[in-house]
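Please keep the sequence and the model in view while reading.

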Amino acid sequence: MIYDIAIIGAGPAGLSAAIYGRRAGLSTICFESNVHGGQIINTPEVENYPALGKVSGVEYASNIYDQAVGFGAVVEYKAVTDVDFSGEIKKVICGDEEYRAKSVIIATGVTRRKLEIPGEDRLLGAGVSYCATCDGLFFKDKTAVVVGGGNTALEDAVYLAGICEKVYIIHRRDTFRGDQHEVEKVLKNEKIQVVYDTIPLSIEGSGKVERLRVKNVKTGEEKDIFTSAVFVAVGLIPQNDMFKGKVELTSDGYIMADESCKTSVEGVFAAGDTRNKTLRQLVTATSDGAVAATAAAAYVRSKE
Ligand code: NAP
């Protein structure tokens with residue numbers, strides 16, 4: 001069988017694409033190497049998706065999955081190991097199996113870079129978070145630490161300062177990587193204390209985050225920062241190794257695709273966090289899924 005649309009990744013972008021693909025009357029298969037839902041399943045409560053009120057990340061993932069399958073999308077829990085976009089019929093390879101499709105939507109997402117320090121995994125969801133906009137409100141009027149020096153860390157610190165009593169931002173150098181405009185917002189915010197030249201050593205607490213052990217890289221001095229939350233914002237890792245040399249990527253590994261979600265290869269689209277964009281959120285991922293599937297449908301019809 002040749003599918004109209006093959007989607008790689010069953011997160012919000014991929015499943016949204018599956019819904020729109022099926023509603024356009026196209027045969028749609030979606031591949032997922034892990035559990036459906038993507039990163040959102042790590043969020044205890046989604047409360048910034050317009051009109052949804054409050055819903056857990058797991059519940060959101062379950063709902064969007066049911067919706068996609070309800071419309072007739074096929075979800076295969078298989079790791080895609082290779083792709084061949086060279087012909088008009090695209091090939092998606094899962095180990096020994098080869099699937100063929102007239103169009104492909106890449107929705108592989110990103111993973112957050114981890115600190116790889118003690119306590120990080122143990123206290124995930126108990127004060128350790130990789131998403132300030134998702135989890136910040138859990139720490140209303142408490143102290144939070146943001147680790148990182150890029151735009152995400154700077155924006156997270158300002159966002160959290162609107163919620164928390166006090167915010168530390170810990171950066172391993174004495175100049176930020178992020179935009180000057182964002183740096184200025186951080187520096188003039190009285191609730192934010194910047195701690196330069198400092199790396200986190202361990203996240204400590206029994207059952208929930210209580211302290212972050214840090215070290216000044218210039219003086220060697222170690223100390224504890226007492227905090228309820230540690231927001232890790234030390235970069236993103238796009239899941240695009242497989243597509244190197246097959247579609248155009250940005251220098252930092254994202255798929256080159258603008259708001260139309262079209263990649264450098266005709267018939268191949270990119271949706272969600274995996275493409276270059278400025279706002280990586282649930283709402284922009286689902287929006288991309290709709291745009292990509294609609295573009296894929298138009299492409300498939302144009303070839304009939
Ligand atoms: P990023 O720009 O890659 O910054 C990561 C930061 O984490 C850097 O300051 C880096 O330090 C630090 N870091 C890396 N590994 C670390 C470790 N193991 N321990 C401690 N610190 C570590 O990542 P990002 O801030 O997530 O941004 C990703 C991309 O999205 C960037 O291109 C950014 O401009 C963009 N973005 C844009 C917007 C916007 O336009 N509104 C918002 C957010 C993000 P060094 O500086 O020393 O390397």
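Val147 has Val232, in β15, as its bridge partner. That bridge belongs to the pairing of strand β9 (residues 143-147) with strand β15 (residues 229-232), which runs in the parallel sense over four bridges. Strands here are DSSP runs of E of at least two residues, numbered from the N terminus, and two of them are said to pair if DSSP finds at least two bridges between them. In general, strands of a sheet pair through backbone hydrogen bonds, either parallel or antiparallel.

The model is predicted, and local features therefore need pLDDT of at least 70 and side-chain atom pairs count only at pLDDT 80 or more, whereas totals for chains, interfaces and linings use all residues. Residues are numbered from 1 along each chain as its sequence is written, and side-chain values use heavy atoms, with hydrogens and water left out.

How many disulfides does a search of the whole structure find? The search finds one, formed by Cys131 and Cys134 with their sulfur atoms 2.0 Å apart, where a disulfide is a pair of cysteine sulfur atoms within 2.5 Å. The torsion about the S-S bond of Cys131 and Cys134 is about 70°, so this disulfide is right-handed. Cys30, by contrast, is in no disulfide, and the nearest cysteine sulfur, that of Cys94, is 11 Å away. For Cys164 the closest cysteine sulfur is in Cys131, at 13 Å, which is too far for a bond.

| Residue | Relative accessible area | Class |
|---|---|---|
| Cys30 | 0% | buried |
| Cys131 | 15% | buried |
| Cys134 | 17% | buried |
| Cys164 | 1% | buried |

Turning to the ligand, 14 residues lie around it, of which Thr152, Glu155, Arg172, Arg173 and Arg177 come nearest; a residue is near if one of its heavy atoms lies within 4 Å. By class, this shell has three nonpolar, seven polar and four charged residues, with Ala, Val, Leu, Ile, Met, Phe, Trp, Tyr, Cys and Pro counted as nonpolar, Asp, Glu, Lys and Arg as charged, and the others, Gly among them, as polar. A polar side-chain atom of Thr152 is 2.7 Å from an oxygen atom of the ligand, while an N or O atom in the side chain of Glu155 lies 2.7 Å from a ligand nitrogen atom. In Arg177, a side-chain N or O atom is 2.6 Å from an oxygen atom of the ligand. On its own the ligand has 910 Å² of accessible area, and the protein covers 74% of that, as computed by the Shrake-Rupley method with a 1.4 Å probe.

Two further residues complete the account. Leu201 has its place in strand β12 (residues 198-204) and is partly exposed, at 26% relative accessible area; its C-alpha atom is separated by 48 Å from that of Phe71, 130 residues apart along the chain. Thr250 is found in the loop between β16 (236-238) and β17 (268-270) and is buried, at 16% relative accessible area. The side chains of Thr250 and Asp252 are joined by a polar contact of 2.6 Å, that is, a pair of N or O atoms within 3.5 Å, where within protein one must be able to donate a hydrogen and the other to accept it, and residues adjacent in sequence count only if both atoms are side-chain atoms.

Definitions and conventions. Buried < 20%, exposed > 50% of the residue type's maximum accessible area, 1.4 Å probe, protein only.
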